[in-house]
Amino acid sequence: MSGKDQSVVSKEALMSTKPGKQIIKQGLFKSKGFKLFNQYKEETENEFPNFAKRFASDLLKEIKSDTNPNSTQQAFGNEVGSTEIILKSSEIDPIKSKLESPDVLQDRVMRILNSNFVKMTFPVFNALYDAAADYTGTSDPQMRENLVDGHIIAIDLSEPMDRIVDKDEDLDYLDDYKLMNPYILKLARDKIAKGGDTVLKEFEDGFKDARLGQYIDTKLKSKPTEITEEEMNQCYKKYRAVMGTAGRNMALAQRPLGEIFYLGMARAAEGVGCGNEIEDSIKNGFVKIPSWPLYYSLLSGDVKKGFELTLEKSNLYLQDARLALELLPEGFSYKEFLEFLFLTVEHYNQFWYNKLQKANMWSDFESKLPK
């Protein structure tokens, strides 16, 4: 767990949850899952600066070599179905010329890479690629770098896009992000395409599904009291499409492993989504819209029960993720890594739920529920 907020994995935090205590126990006894998890966490800490430099350097080449940035902006706006996240033609030149400074672009790249989602998934993708390579007896370090980089860059695209739409951080850099976005997507596609046509098609389908999930998420903000269960499931495509597809592609989209990785990663991501909604509600001071806590609170007429059921929902997602472990081939060498990974997800969700219980924000949440 290499996210921004290290308080979640402090010894005190781990001692506060049942899965956290199991994590400490596995650390003390140096279990195989713990050792593998630690190995990939350390590799990420060492390699992340190199990845960030590669990313910024490749991005700079793309920006500098584009002779028609206006049509690039328009095409991106059409693809994602929004004019809000692109620049007007008159705004492009000064921003392009500013971002052609390597130092300025590196700064912007580091800002968007400072993300829990990116930092927590980097070690997971490396481990999944190695697990699949170990199983099939084929190892290709360059392919590993391309596929992991490509999917991390694609995930990272959600950071500047969210910041542009939400306008809740980096307000001075939002126009820079608008210029960068199409090139970030192109970079991700070019790297993922090295895995072959099937892998690229999986990515394109997943990217489409993630955008659909995000679109539904945005649409539901305008009708919070009418959200249905089916709409929440569709909204959660934003989690399962991104992580599930990346999991599948770490096995080069080959069955059975690709499908098993999809199931495990998609469900684990949905489980994290629940924890994220609890965390965001605490930080924002109101129940997130849309979210499972909101859906359950409005139906039951009880905010406390709404969050209680959200924790149960996260455990259902995790049960499904753990079903994937039962489908792994006999003697699969990375099974313990995945078991440990799912334990960290369970701890994360329980940690934020416990924090909410202690904060006792129920009446505050109740008063701010949409009517």
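**Exercise 1. Describe the kink in helix H10 and how far the helix is covered.**

Step 1. H10 has a kink of about 40° at Met180, shortly before the proline Pro182. The bend at a residue is the angle between axes fitted to the seven residues ending there and the seven starting there. Helices are DSSP runs of H or I with at least four residues, numbered from the N terminus (strands: E, at least two).

Step 2. H10 covers residues 174-192, which is 19 residues, and its first and last C-alpha atoms are 26 Å apart, close to the 27 Å expected at 1.5 Å a residue. The expected span is 1.5 Å times one less than the number of residues.

Step 3. Of the 19 residues in H10, 15 are buried, so the helix is mostly covered. Buried means under 20% relative accessible area, exposed over 50%, and partly exposed in between (1.4 Å probe, protein chains only).

The model is predicted: local features need pLDDT of at least 70, side-chain atom pairs count only at pLDDT 80 or more, and totals for chains, interfaces and linings use all residues. Residues are numbered from 1 along each chain as its sequence is written, and side-chain values use heavy atoms, with hydrogens and water left out.

**Exercise 2. Find where helix H3 bends and state its span.**

Step 1. The bend in H3 is about 45° and lies at Glu47; a proline, Pro49, follows within four residues.

Step 2. H3 runs over residues 32-65 and has 34 residues. From first C-alpha to last it reaches 47 Å, close to the 50 Å expected at 1.5 Å a residue.

**Exercise 3. Classify how helix H17 packs against H2 and H14.**

Step 1. The axes of H2 (residues 18-28) and H17 (residues 335-359) come within 8 Å and cross at roughly 140°. Axes are lines fitted to C-alpha atoms, for helices over the stretch in contact, and angles run from 0 to 180 degrees between N-to-C directions.

Step 2. H2 and H17 are therefore oblique to each other. Angles under 35 degrees count as roughly parallel, over 145 as roughly antiparallel, 65 to 115 as roughly perpendicular, and the rest as oblique.

Step 3. H14 and H17 pack at about 20°, with axes 9 Å apart, which makes H14 roughly parallel to H17.

Step 4. Phe351 is in H17 and counts as buried at 8% relative accessibility. The C-alpha atoms of Phe351 and Gly20 are separated by 8.6 Å, although the two residues are 331 apart along the chain.
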